[in-house]
Amino acid sequence: MTTSSMHLNVRQIRGLNKLGDQMLPGYQKLASFSEVGAARHADRVLDHMPASDLKDLKMLLGILGVLPAFFVAGFLNFLELSPSIPTPIGAFLRFMRIGLRGLVMTLYYCDPKVHDVIGYQVQVYTDDMPRQSSTATPQDLTSRPELHV
Amino acid sequence: MSGDSSIKADKHDRIYDFIIIGSGVSGGRIAFELTNAGAKCLLLEAGREFSAHTFPRHEVDYSTQLFWGGGLEVSTDGHLGFLRARCLGGTSIVNQALLDRFDDIAWSDWRARSGVSFFDSNEMEPHYASVEENISIREIPREHYNRNAQTFTQACEKLDVKWKKLKRAESECRLDKGSDCIVCLGGCPRDSKQSSLVTTIRRARAMGLQIESEFEVGEIEYRSDQVRVRGMQRGSSVEVTGAKVVLAAGAIGNTAILLRSGFGKKLPALGQNFACHPQYMTYAMFKDPIDAHKGAFQAVASHDPKMRKKGFKLENVYAPPIGTAMLIPGFGPNHQRLMSKYRYYASMEVAVRDEATGKISLGSGASGKIKINKSLTDRDKSRTNEGLKLVRELFQAAGARDVVSCTQAFGLHLMGGCVMGTDTKKSVVNPEFEVHDHPNLFAADSSIFPEAPGINPSFTIMALSHRASQHILGRSHS
């Protein structure tokens, strides 16, 4: 599946898919990360990522894009050890682990096809809700008491 | 910043009576009370303004658009994640609107730690009562308990653990029409949730409250007769001026603003005593679907004096798919196998009354990134382990086939950093809600908590903010 992103280049998207397929390779009816095309949701996350985090992420994904898959798998297994590694090295690895897990899990588990497989369907009844503008209009203030500060 | 020519001298060319920074349960309440009293108020919010019709509907979108850090912030050691709302209405938009009064244990501990005499159930009762007057409070009827709640109550009854129905700030969820309240973690599309947007901000705006959203405050400049507030709004530097300023940006927000503004030298306790009620989820797989994401959400919780003494409580919650995937440990096919059983899980959460030993500071360099140094103490870990052990026993008693304990902890109740007290060396805010020696600068939100109460803080923040409003107005009139 061809994926485009305003933030990621082709190599970085390849890195994201490689990372995603290691974390989510597919299980029974749940397809792999790349089969789902989860990377196409990337900008929904990256648009709101702090600039410094985005810069670091792009660099890492670019590196992962050229590394062999077995190396990416080893890297992820190493990160899974991070909860027991002392700070400060452990802290750096834990940041990376939370960030990468967060990105991959978010992109995959926001996909409607995945929701169908795991049975996540939700709704809130709103048929009885009046339409209203998002902003109220300030009313005349002349009746308000005057406060002196 | 004051020499920056790009700064407008005063965006609205006026001096407000009050500028309120932050629009959550404290900022909304204070903005309402002050505006209602006739003051010219400006409410600043770093996030965007949404309404029932415009809240992001999907988990991925509300996680990234309604929270700081693009969804999650992390402690400096990487062990704890923090969820901090960033939108008009603040945390009240994304929480579960639980309203609990503090008990005598919490108030007594706060009094002992702070020297503040009004930390007392009787003293605070009128403020709770006043807040209740304009909020719809309900309990979820037992016929609307979903299977997650049923599992929780049955398990508690088997092991003789006391539980209670939760009091929820909501008006009309239409559970009879099939509403799934897990949706409201991203803002309630019915305006049933009694967020500050619904209960205070909208009403205050109708009375003349001015609101500036997407205004991220950088620093304040305190003068004896006015306070200048500088920040960025949609890419532009902006400065506004108020006779008085109320800090309502929460534990992390208030502390960061004061630190950036140079108050750290004058206030040695600034940034200290941070606590967060660390929360650990446990998922239990059952033979038949539980569908914990359907229907009423978080109807019940533990209410057991033994647990209260031990310093933890159990909550009956669940998480949407992304949250669940983040919490379930590991990765690979086994992770997907566990996620494929999403409908078959019940879940409980251990919330720990943690020691307020955390510290909020700013990193070096121009960016001055916020650092949250918060590690669990041995006592915190002991409480966590005891709670997780009990959860496992409860799920086993309920007939769970498999139990998945999550190791990633989250803090959703962010408290301290600007704690209230009588000792200027150990506190930041005095019992009149004024920053020590700065009579035109106030705070009444969770940043002033002397320590973790072990109880959901929202209702008490509203009550404290109501009390603070009376102080502020009394001072202004005098």
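## Ground rules

A residue is called buried when its relative accessible area is under 20%, exposed when over 50%, and partly exposed in between (1.4 Å probe, protein chains only). This is a predicted model, where local features need pLDDT of at least 70 and side-chain atom pairs count only at pLDDT 80 or more, while totals for chains, interfaces and linings use all residues. Residues are numbered from 1 along each chain as written, chains are lettered from A in the order in which they are written, and side-chain values use heavy atoms, leaving out hydrogens and water.

## A buried asparagine in chain B

B:Asn456 has 8% relative accessibility, so it counts as buried. You'll find B:Asn456 in the loop between β21 (438-443) and α13 (458-477) of chain B; helices (H or I, at least four residues) and strands (E, at least two) are DSSP runs, numbered from the N terminus.

Leaving aside residues up to four places away in sequence, B:Asn456 touches B:Leu98, B:Asp100, B:Phe102, B:Lys313 and B:His413, where contact means heavy atoms within 4.5 Å. A polar atom of the B:Asn456 side chain also sits 3.2 Å from the backbone nitrogen of B:Ser458.

## Where A meets B

Chain A puts 59 residues into the contact and chain B puts in 69. The rule finds 4 salt bridges across this interface (a side-chain nitrogen of Lys or Arg within 4 Å of a carboxyl oxygen of Asp or Glu). B:Lys369 and A:Asp53 meet in a salt bridge through their side chains, at 3.7 Å from N to O.

On the side of chain A that touches chain B, α6(A) gives the most, with 11 residues.

Note on methods
A polar contact is a pair of N or O atoms within 3.5 Å; within protein, one must be able to donate a hydrogen and the other to accept it, and residues adjacent in sequence count only if both atoms are side-chain atoms.
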